[in-house]
Amino acid sequence: MSESIHDPSTVVSQYIACTTAEESANSSDSPKEYSDILSGLVLSKELSLLQFIQVLGPYLTSESELIRPKAIQCISDTLASLRTTNSKILSRQDLTVLLDFLLTKLDDKSSVRFILQCLTNLCQFEKFITFSPLLEKLLTTFLKDYNPKSYLAKVRYESFVLLKTILTIYEIVASSAVFDPFVQSFVHIATGEKDPRNLLISFDINILISEKISFDPVQHKDFLIDLFDVAFCYFPISFTPPANDPYKITANDLKSKLRSAIAGQSLYAKDSIPSLIEKLTSTNPIVRNDVLKTLKLCVQNYEPEVIEQYWLIIWNALKYEILHNDVSIFQPHEDLIVNKNYNELVNDNDEFKPLIITLDIVSILGFKLEDTDDTIQLIVHSVTDELRDNLSNVKDKVFKQSVLLVASLASSCNLAFNKIMDFLFSYEVWGKYLGNEPTTIEPSSLSNSDAMEREVTSDDLTLTVAKQRDLIDNFGFILNSYNAISSRLLNSNKAEYDSFVATNHLLNYKDSLLIFLGQLLQSSSNLEKTLKSKTIQQLKKLIQLKGLLSEDECSLIFGYFNDILVETINEEPKSWDKDTVVQEVKVALRSIMDGSSSKNVELIIQTILPNLLGKLPDSQEETDSDVERILSLIGDLCINYKFLEILSIRLLNKLTYYSQSNSREYYILTVKLLINSIIKTENNHQFLMNSWYKNFVPRFTKSIVNIVNESKDTVNGSVEELIEVSGDLLAIIVRYIEKSHHESILNDFTDCFVNGSKLNYFKIEPPLESLISKQSVFINLYNKILASVNKPAKGVVKIGSVDAIDFIKQDIAFAKDLLNGDETYNVYIHLGYLKNLCLIVNKYYDSELSYLAEYYQLIEEVSLSSSSLSQGFLQDYEIFVWSIKGLIMKIDPLGISYLDKLISLLSCSNGELKSLISKSLSIIMIDLPLFTNVQQSINHSKLISGVQSFNVRLLYKQRIFEIILPTLIEGFNSSTLSSSKSSYLITLSNILQNIPTKILKPHLSTITPLILTSLSIKDSAILKSSLETCEIIIGESSDIIIPHLQSLIPRLVDIVITPNSVNTEEIRLLSLNCLVSVFTKIELKHVLKFQKSTTIKLVQGLDDKRRSVRKLCSDLRQVLFELGR
Amino acid sequence: MDDPINANPTIIDVSELPTRLENENKKGTGEQLVAQIVSLSLLPKSAKVSASSTSSQVPDLVSDSGSEDDEEDEEEDPVDAQEIFDLISSISDPEHPLTLAQLAVVNLADIYVPDHQADKSKICEIVIKITPTITHCSLATLIGLGIRVRLERCLPPRFRIKILIKEGTHQSENQVNKQLNDKERVAAACENDQLLTVISQMLSSCK
Amino acid sequence: MVSLIRTLDAHTDKVWSVSVHPTLPLIATASTDKTACIYGLNEKFPLLSRLEDAHKRSVRSVAFKPPLTASADFLDLPAVACGSFDSTISVWGIDEPEDEEDEDVDDEYDDDENTGKRSQSDILCSPNNQWNLMAIIEGHENEVKSVAWNSHGNLLASCSRDKTVWIWETDPETLEEFECISVLNDHQHDIKHIVWHPTRNILASSSYDDTVRIYKEDDDEWSCVGVLNGHAGTVWCSAFDPTLASTSTIRLVSVSDDLTVKIWKSTVEEEESEEANPIRSSIRKDVEMDWELDVELPVVHTHPIYSVAWSKESGRIATVGSDGKLVVYKEKEDGSWIVQYERESCHGVFEINCVTWAQLNEKEVIITAGDDGKINVWEV
């Protein structure tokens, strides 16, 4: 602020001016500026308060409804800035004068808003606070002269602010003189308030009052009633925010504030609880939920004594809720009765939610009174007495309801739990079913006497299977209460937890429970599968309950499980894997092995794994064993690395057998199982596999070599598959080995396979012939390792002891001389070396690849001639393509430039070369597992082994695609020959087949025209990719396709109903898929006009030769029939 | 239906129903991979073993519509009882949230399809016998109608569909049979909107 | 030999019924696609008009009003009645054509052999004639299955799933209003088809209750005068023997779900005898006609027979049905019937719903209507 001396009157007039201006239009300078100046003057004593008022005089007395308020506002603003800088500045005298002045103004309707602001500011001055008569005067006059009814919401708001401010800064004691006027004033302004913003603050004050002021229930009876009423009269509050609410108040804000207002004051209880319970009769779930939530809050917040007083009526109300409703949502196989975060899971207009909250309250009720033992005793006693009859008879129609109630109560606290256990397992309640002797009733057990009178008739004991199911299910809820308590204590209070685990009364009954369940499991005939499943669910739960079962007891249960598996496998050889009970066991074991204590995993490994493995044959000669299903069962169980490790060792033995007995199928199956199990387990929880390199890899590798050598001579030897899967297994293991080991690993393999040295790490006798001295199928196995080992530091050009360049030379040499003999086998080897070439170029070779130039030379020459391609040329071309693939994967500029050149050759005149180039694009783009860094199925961004096995630049495909797409489009459009047009299309389609949708998306609109053209090309390969792309386009951006529907739909239908060598089954299916998306994904109004004609034309498709086509065709027609219905 | 006519029917677990759906040929991942790899060879010799077509000369931009000429001899999957069953088993019962197969209203054994029907120019009759959940089930007709509509939508016109109540499983077997197989009645029923709504409800669960 | 001479792609869905005008070269068809069509019956088979937007559901049957017998100077305009599943009947006709039409005739007609002054028939069958909806008749509770005009065109009969036959009276020249003069509810079920005797006011109805019923008027009281029991399944259709139209013997052929074709016989005493018989009035009952099964034709069809037609020219009987077969029967002198022709899949694999005889330039042809939406014309 400038130092210049200000003339107060001018400043004031400026203030008035700009505030008025502000009203009308926006003005540059803010009124605050001037009020600050004024307060500055007062602070610097240049201006006394009196003078200040005098200066304002004319305005204060002005006739204008506009001016007067400004004057007051000016005072208010000035006061505000005064007190913030120095709240001592005003003398008691000043304050008194001001107060009197302002209070007289309370009747000036136009200014009241600012009067209230003034008062709010005023009462915060120190001298005001210390001199109580002022406040008293303020309140009394306010109460007398201020009448909220006659003002707008924003004015009324100020009055709330005033009271809230007072409440926050003053100690208002019940006895003090200000007490009455204050409370009265609040009730005065709060009554009949409707504005949401004001209600929020009103509830706030209500809460604040409950916090700060201690009432006397008797003396302040009326006040309490009033205070309660000004809040509760709004309950249940419903509010839909106006379109442009400046304060952004939501219905929830109001609801929860109101709730805490009601639950804020224990002394409200005698009014709140009955009124709430009365409102519970509403049928609208939203209301009922609101009521219950509020009730819940009350139970949580009110003093325990109060709850003690009211528990009975609350209980009666809640009990009613449960007993008279369908409680099917509560599922016995879940771990808790009331899911912790049900509020998020279930929304408020769900009619089941009240039930959930109700049970929640029941347990909170108990929890609240935890420390008042005798009350708990009392509650449990009367509750159990009340429900005794329902609970003692499974056949009772509210059996489940009653169990839920006691179970919830039991989960509230230790004492309640024990009492209820004693009650439930006492002879005349459940004991009789469990075959307990009446003596097991503890003397302490409640209402012992009438238990004796009530003799148990035998037919009570004989339960139908259905009833047994119910009983088992309901055990579940009791176990849930155990779970609730134990897990709560475990997180809160270890000591209490230990004592609970040690002393809880469920311990007294677990034996009989176990025996009972065990018997059901063994005795109940196979027909009662559901009963068995339910039993298994609860046994599983028992195992998982913290600290309940001993190790022996657990292994006993696992014994049961094991028996079930073994028996079913023997008794239902056809369908055992579909058997529901087996499924249930599987689920149980999985969830136990996941997470829970390693102890249990050990037990499972001991009790169950051996028997399953026992079911596996030692060689293919052993017939009638269903290896596949057993393996898949084992696979399903395996999600824990301990289990996996044991499994791998055990299976290793099998593998050795299989390799010796040349049982190829089984060998492959087993290897696949291991791969999947590893992936699954790693996904579940990553772990390093270093130890495997010692324990597993050597013998495994040996077995591969063994079985491959065995198979090679045999005719139907699918050696290729053997090598692929085994290689994958090795690869994935390597990827999970600490990367520091990788170099030596690579050495070991190179040593063995490339150098064929005698004393190799894998003890392979006799040593293998080096795969660079003679073409060998093992190149493919070796490639897997080469691919998966961590990529070398820059500049490393040696693989083990071998020079990269030598390798390259060899690869090229072998690629040029073809073996003859079995087709697939040799092609496989041939490609093995090409891939090796690609790998080495990508990983180990950085310097210029001189030979590429020569090869490109050849290609160019051929492109000029129209002669057909020689065998030799094709080989050279392959070498060229695989080399640049290696380069392109690391976005090496050289590679890219060559690729560009290739594409440009598509316009050449040599037809054969063109199609050769097109096809080679799929080589460059294809994702062989070999060339991908981490198994897609493993969803970790980072491997813990830190392995980064490949020089694959992220998104290299995107780069490449975006580089060559324009060339292709351009070429397509410019070329006149239909033949060359289509060679562009084939190229494009070969690329599309190998790139992910998300790369494709942004270019869809560019590609669409080509796709539509290519739909009329007589070539399955093109059609395939065109249709695939077409479906993507329809799904991703239908608007592009809509203009073309007229031609597209008939074309697609045509493909479907014209089967021939081009429109193969696969093509027809793809075409149908496109049609399905057309009619399901595109807006109705665009497709409706094609409905009838398409439906009729497709009738032909219903008689297709292939069943799959017929099926999809009728599915599509079904869609069409329902279209727009 | 407010109060179901048969409140608690016996239910077959879905997993125990015979079906051909989704258990179609699943080739070993290994084999596929090998095929894929081998297909990458550019050498003509490997054309035989390659998976995707290696058309050595570029095809022409000609529409093939209606060109039946080079009719590829794919082998024929004849329509059989299983196929019919798969079409109708997942129709849901009008009063239970269950499928007709689960309720054993339709059974594979009660579907008769003649063996020689490959000739697409010949008419061929398919007979389906349905077993109502209870002998006085007033919904039998509706169920039968649902089945007929489903099949008329899914089967080519050369098939004549005969839907019968399984002998002795319904009080008014004959009336129902007569109605279900009266072409005109069915046609008229299919133009009745309420009825159609119920039926599309039933068919909505079809797999 | 039966040979296909023409296929008309008349409709996009089932064709239920086809009717031929007794004197003019006109065909009318009715279909599930909710429309009916009028075609010219000459080697061009021109589509003259499509009758649409009158019915909300399938048009199940169509019938031409027969020409007025006493057709003097008055120009007798063709008209059709359509019965629909929407439970209504629509009546259509053309306005009287002005003579100017002669000039603006399509060349299609000019290069016809008959140049110069065009015959009345050509005028009435010209595509320039607008076919207009003249009346919608309501009354039946649900689907109307069949409609039929009597020989004078003053009575229109209709039948429905509501188990009733209604007889409507109208002025055959103006077709202004249709007044229901009788509702016959003798059948226990759904009535599939009705047909009038070619000359007499005798009406036959075929039903889902496996019977055929015969109705006659007796001093303006219509009543059922005969029941033909004997079929073991729905009777889909029946036809009177047109060759005996003027004699006192009456024959009726009926076809059924039970795969049989039956011919029934009865006689009517001639009107003269009425006067000669004073007590007649006292004995109402003898309006009862007694019918007996005359002969059963050889069974050829393997699926339900939907339609039968009896030729006025050759006295032959044609039947069609679900099995897609067209069968032509011929009567031998000894009164026994033989299968003259049997032709399979006349509408491909589709069912055939209706058959009728017609004249195509002095040659006798058969016209069939199938589920494939097509109309096939056969030379026999």
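In the predicted model, Lys510(A), Asp511(A), Leu514(A), Gly518(A), Leu521(A) and Gln522(A) of helix α27(A) are in contact with Glu553(A), Ile557(A), Tyr560(A) and Ile564(A) of helix α29(A), contact meaning heavy atoms within 4.5 Å. The residues of this contact comprise five nonpolar, two polar and three charged, where Ala, Val, Leu, Ile, Met, Phe, Trp, Tyr, Cys and Pro count as nonpolar, Asp, Glu, Lys and Arg as charged, and the others, Gly among them, as polar. Helix α27 (residues 506-523) and helix α29 (residues 551-571) of chain A pack with their axes 11 Å apart and at an angle of about 5°, and α27(A) is therefore roughly parallel to α29(A) (angles under 35 degrees, taken from 0 to 180 degrees between N-to-C directions, with axes fitted to C-alpha atoms over the stretch in contact). Helices (H or I, at least four residues) and strands (E, at least two) are DSSP runs, numbered from the N terminus.

Residues 137-169 of chain C are 0% helix and 55% strand, with end C-alpha atoms 12 Å apart, while residues 184-216 of chain C are 0% helix and 55% strand, with end C-alpha atoms 11 Å apart.

The pLDDT (the predictor's confidence in each residue, from 0 to 100) averages 87 over chain C, where 88% of the residues score at least 70. Over residues 100-117 of chain C the pLDDT is below 50, and this stretch has 20 contacts in the model beyond near neighbours in sequence. Where pLDDT is low, the predicted coordinates should not be read in detail.

Residues are numbered from 1 along each chain as its sequence is written, and chains are lettered from A and ligands numbered from 1 in the order in which they are written. As this is a predicted model, local features need pLDDT of at least 70 and side-chain atom pairs count only at pLDDT 80 or more, whereas totals for chains, interfaces and linings use all residues, and side-chain values use heavy atoms, with hydrogens and water left out.

Conventions: Angles under 35 degrees count as roughly parallel, over 145 as roughly antiparallel, 65 to 115 as roughly perpendicular and the rest as oblique.
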